[in-house]
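Me: I would like to learn how to read salt bridges, cavities and aromatic contacts in a model. Can we go through them one by one?

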Amino acid sequence: MEDPRLSRMYWALLKQWIGGWRKSLWRAAVMRSGLLTFLILTFVLAGLAFGWHEHRLGQFAQLKKDLNKRPVQDVSVRPGGQDVTQLQRSQLLGGSGPEFLSATLLPGRGMNLLQIKAYLPQKGEVNLLASPPLDEAARLLSGKGVDATGAESLTMGAAIEMPWAGRIFGAPTPDGKSLVAMWHGMRLTLPMDAKDSYGNSNGVAAGGMLLKQASDAVTTNVMPDGGEAMATFLPGDFDGHWPSKTEITTTVSLSGSAIDMKVIARNMGNTAEPIGIGWHPRFAILNGHRGQMTLRLPQGLRVEVKDRRTGQLSGRLLPVEGTEYDFTGRTGARLGALNLDDSFVHLKTGLMEDGPVAELRDPENDYGLRITAMTSTIRAIRVYAPLDGSFISIQPQFNYDDPFGREWGKDEDTGMVVLQPGQSTQWRIRLEIFSLSSNQSDHLD
């Protein structure tokens with residue numbers, strides 16, 4: 001009978017021989033041939049490619065956001081009774097210029113763009129709009145008291161103004177809550193609780209009637225370098241204040257260098273209606289040094305203000321060349337101590353531009369914001385830059401202030417688009433962020 005110890009010895013020798021053979025084969029096939037180095041490099045490059053792909057999709061930023069979320073929230077912040085919509089993207093790896101990072105939208109409040117966050121190389125992450133924190137904004141946007149008509153939306157972020165932009169003057173009704181304006185022989189009774197920039201509410205309707213309107217549908221779409229949100233509003237005839245029923249669709253798209261906004265209004269009723277669309281952004285003065293900010297406006301004319309205490313207009317259009325209101329140079333002009341609350345019309349498009357362009361530049365922080373009017377229906381830019389304010393507002397809009405006023409000549413088109421039943425009109429702008437130092441010739445002397 002065979003000794004079992006001898007069998008175990010033979011078995012151990014066989015395993016030792018097989019192990020040595022495998023090591024020899026590995027050294028010959030992999031180590032000496034360079035295959036191992038190739039495999040390692042392949043795995044490293046694949047990992048880097050996957051990481052970059054996920055970075056571009058914003059997955060890392062989303063993961064960081066999720067990790068930083070509070071585990072418990074006692075109260076959901078829902079201005080206007082609807083969830084906040086936030087478009088986000090990640091800062092580019094190795095990026096050396098300013099970039100947009102996020103946009104916070106309020107579908108429950110007429111798609112007010114409450115906040116835009118950006119990265120500035122000299123300051124890091126900043127808020128570009130003069131707005132309170134979200135929870136404070138939700139408290140103020142109550143729809144009650146001073147906000148009964150949505151007036152608080154005009155004090156923060158970037159509200160969309162419809163079915164008119166800016167101010168309409170008229171005769172107050174006996175109850176003091178509305179005013180009467182005339183359009184093509186039709187009486188329009190408009191709410192006037194919202195105060196305008198002059199502090200007036202009596203006899204002035206300001207900011208349109210979309211300010212506190214809640215959306216009827218919201219959709220979002222994640223994109224490789226940001227995202228897009230679309231909200232639909234069905235305000236009808238604005239509780240009887242407007243001649244016909246209107247459907248409004250607002251789309252906001254975010255990327256690193258641009259925010260695109262589009263508003264489409266469609267007449268869903270049975271009679272003609274006038275439509276004006278505008279945007280009311282309040283850009284923050286980051287360092288508080290208003291005088292050093294520079295403004296550039298397209299070639300055009302300034303609407304004369306007859307009474308600076310009330311904002312009443314004369315109906316005259318004045319040239320700006322050689323005046324303190326001339327911001328039409330290639331790099332614009334400093335605001336200095338000029339108190340601005342003025343509209344500019346008959347806008348011209350510059351060479352190689354997609355439409356009339358307005359720019360706000362901050363030399364201290366080496367960045368600028370450029371607004372391009374992408375549709376010919378944008379006939380006016382209103383600038384509100386109070387001397388003691390913490391913001392500067394540049395408002396591209398269809399209509400002049402007081403578009404139905406008697407001060408205008410019969411041949412002057414004041415910008416209201418007339419929609420017949422079934423017709424639609426579009427307002428579209430692009431907001432871009434750029435570096436001033438990237439082009440030294442753009443610096444002011």
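Reply: Start with accessibility, one residue at a time. This is a predicted model. Asp83 has a relative accessible area of 47%, and because that value lies between the 20% and 50% cut-offs, Asp83 counts as partly exposed.

Me: Which residue does the side chain of Asp83 meet in a salt bridge?
Reply: The partner is Arg78, with N to O at 2.8 Å. Arg78 is partly exposed as well, at 39% relative accessibility.

Me: How many salt bridges does the structure hold?
Reply: There are 20 salt bridges. For each pair, look at the distance, then the surroundings, then the positions in the chain. Take Arg89 and Asp225, whose closest N and O atoms are 2.8 Å apart.

Me: Where in the chain do Arg89 and Asp225 lie?
Reply: Arg89 is in the loop between β1 (85-88) and β2 (99-106), while Asp225 is in the loop between β11 (217-223) and β12 (226-236). The two residues are 136 residues apart, and the pair links distant parts of the chain.

Me: Is Arg89 buried or exposed?
Reply: Arg89 is buried, because its relative accessibility is 7% and the cut-off for buried is under 20%. Asp225, at 24%, is partly exposed.

Me: Which residue forms a salt bridge with Arg382?
Reply: Asp401 does, with the closest N and O atoms 3.9 Å apart.

Me: Which residues are linked in a network of salt bridges?
Reply: The network is made up of Arg296, Glu353, Glu359, Arg361, Arg370 and Glu432.

Me: Now the cavities. How many cavities of 30 Å³ or more does a search of the whole structure find?
Reply: It finds three. For a cavity, read the volume and then the lining. The largest cavity holds about 50 Å³ of space.

Me: Which residues line the largest cavity?
Reply: The lining consists of Arg167, Val303, Val305, Leu313, Asp341, Asp342, Ser343 and Asp401. Asp401 is also the salt-bridge partner of Arg382.

Me: Which strands each supply at least two residues of that lining?
Reply: They are β19 (301-307) and β22 (340-345). The largest share, three residues, comes from β22.

Me: What classes of residue make up the lining of the largest cavity?
Reply: Three residues are nonpolar, one is polar and four are charged.

Me: What describes a pair of aromatic rings?
Reply: The distance of the centres and the angle of the planes describe the pair. Four aromatic pairs are found in this structure. In one of them, the centres of the Trp279 and Phe283 rings are 6.4 Å apart and their planes are at 75°, so the arrangement is edge-to-face.

Me: Are Trp279 and Phe283 buried or exposed?
Reply: Trp279 is buried at 0% relative accessibility. Phe283 is buried too, with a relative accessible area of 2%.

Me: Which ring does the charged end of Arg370 sit over?
Reply: The charged end of Arg370 sits over the ring of Phe434, 4.2 Å from its centre. Arg370 is also part of the salt-bridge network.

Me: Which residue has Arg382 over its face?
Reply: Tyr384 does, with Arg382 at 6.0 Å from the ring centre.

How values were computed: Residues are numbered from 1 along each chain as its sequence is written. This is a predicted model: local features need pLDDT of at least 70, side-chain atom pairs count only at pLDDT 80 or more; totals for chains, interfaces and linings use all residues. Side-chain values use heavy atoms; hydrogens and water are left out. A salt bridge is a side-chain nitrogen of Lys or Arg within 4 Å of a carboxyl oxygen of Asp or Glu. Buried means under 20% relative accessible area, exposed over 50%, partly exposed in between (1.4 Å probe, protein chains only). Helices (H or I, at least four residues) and strands (E, at least two) are DSSP runs, numbered from the N terminus. On a 1 Å grid over the protein atoms alone, a cavity is a set of points where a 1.4 Å probe fits but cannot get out, and a pocket is an open set with protein on both sides within 12 Å along at least five of seven lines; lining residues have an atom within 4 Å of a point. Grid points are joined across faces, edges and corners, and a volume is the space filled by probe spheres set on the points. Ala, Val, Leu, Ile, Met, Phe, Trp, Tyr, Cys and Pro count as nonpolar, Asp, Glu, Lys and Arg as charged, and the others, Gly among them, as polar. Rings of Phe, Tyr and Trp (its six-membered ring) pair if their centres lie within 6.5 Å; planes under 30 degrees apart count as stacked, over 60 as edge-to-face and the rest as tilted. A charge sits over a ring if NZ of Lys or CZ of Arg is within 6 Å of the ring centre and within 35 degrees of the ring normal.
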